[in-house]
Amino acid sequence: PGIVTLPDFEQTGGTVGFLGKSHRSFEVTAPVRFGGPITLEFHGNEGDQVWLPHNFGPAGLYLLDFHGTWLVDPLNFNLLFLGALPASGELILNATTPTVTGFPAVPFYVQGIFVEPGGDIVAGNGSVTVLLDPSL
């Protein structure tokens, strides 16, 4: 019990975890220039509210209440409400990245957070992109 065996499947160790919520995904273009365009893509279920926490620092904490890992620093982040997913379950947004002076490049941590119509919060995958000085 507890061991999964499949034909042509070699087990070399590790663990398998099963998530109780349906999959949500988030994609971001990388790298991008300071003050330049960035594309954010969210995929989930119709009616999911989409939120975007973002910051220049990571966390990497597993949060049981969010059914996933929280990538963005939870003690110091900005949060944007982006709307609800339409019937297609897909939301694609174009935005402008922040300008950061005094640095040639900085990491920019972003993550799609989805709130189901019933109120459950589901953390989509997080992503880090690099913001580059336009002169590079």
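## Strands, sheet and cores of a predicted model

Seven bridges connect strand β3 (residues 37–43) with β8, and the two strands run antiparallel. Within this pairing, Thr39 has Asn94 in β8 as its bridge partner. The model described here is predicted.

β3 and β8 belong to an open sheet of three strands, ordered β1-β3-β8 and paired antiparallel. Its edge strands, β1 (25–28) and β8 (90–96), each pair on one side only. From one strand to the next, the twist averages 15°. In general, the strands of a sheet pair through backbone hydrogen bonds, in either a parallel or an antiparallel way.

The protein chain as a whole has zero helices and 10 strands. Read along the sequence, its pattern is β-β-β-β-β-β-β-β-β-β. Of its 136 residues, 34% count as buried. The chain exposes about 8,300 Å², and carbon and sulfur atoms supply 58% of that area. Among contacts with a separation of 6 or more, 69% are between residues 24 or more positions apart.

| β1 | 25–28 |
| β4 | 49–55 |
| β8 | 90–96 |
| β9 | 105–115 |

The largest nonpolar core has 17 residues, and Phe26, Leu40 and Phe42 have the most contacts inside it. At least two residues of this core come from each of β1, β3, β4 and β9. β9 supplies the largest share, four residues. A second, separate core has seven residues, including Phe66, Leu71, Val72 and Ala123.

Which residues does Phe42 touch, not counting those up to four places away in sequence? They are Ser25, Phe26, Val50, Leu52, Leu82, Leu85, Gly89, Glu90, Leu91, Leu93, Gly112 and Phe114. One of these, Phe26, is also among the residues with the most contacts inside the largest core.

Is Ser127 buried or exposed? Ser127 counts as buried because its relative accessible area is 18%, and buried means under 20%. Leaving aside neighbours within four places in sequence, Ser127 is in contact with Phe26, Val28, Leu71, Phe108, Tyr109 and Val110.

Notes: Residues are numbered from 1 along each chain as its sequence is written. This is a predicted model: local features need pLDDT of at least 70, side-chain atom pairs count only at pLDDT 80 or more; totals for chains, interfaces and linings use all residues. Side-chain values use heavy atoms; hydrogens and water are left out. Buried means under 20% relative accessible area, exposed over 50%, partly exposed in between (1.4 Å probe, protein chains only). Contact means heavy atoms within 4.5 Å. Two strands pair if DSSP finds at least two bridges between them. Axes are lines fitted to C-alpha atoms, for helices over the stretch in contact, and angles run from 0 to 180 degrees between N-to-C directions. A nonpolar core is a set of buried Ala, Val, Leu, Ile, Met, Phe, Trp, Tyr and Cys residues joined through side-chain atoms within 4.5 Å. Accessible areas come from the Shrake-Rupley method with a 1.4 Å probe; for residues, only the protein chains shown count as cover.
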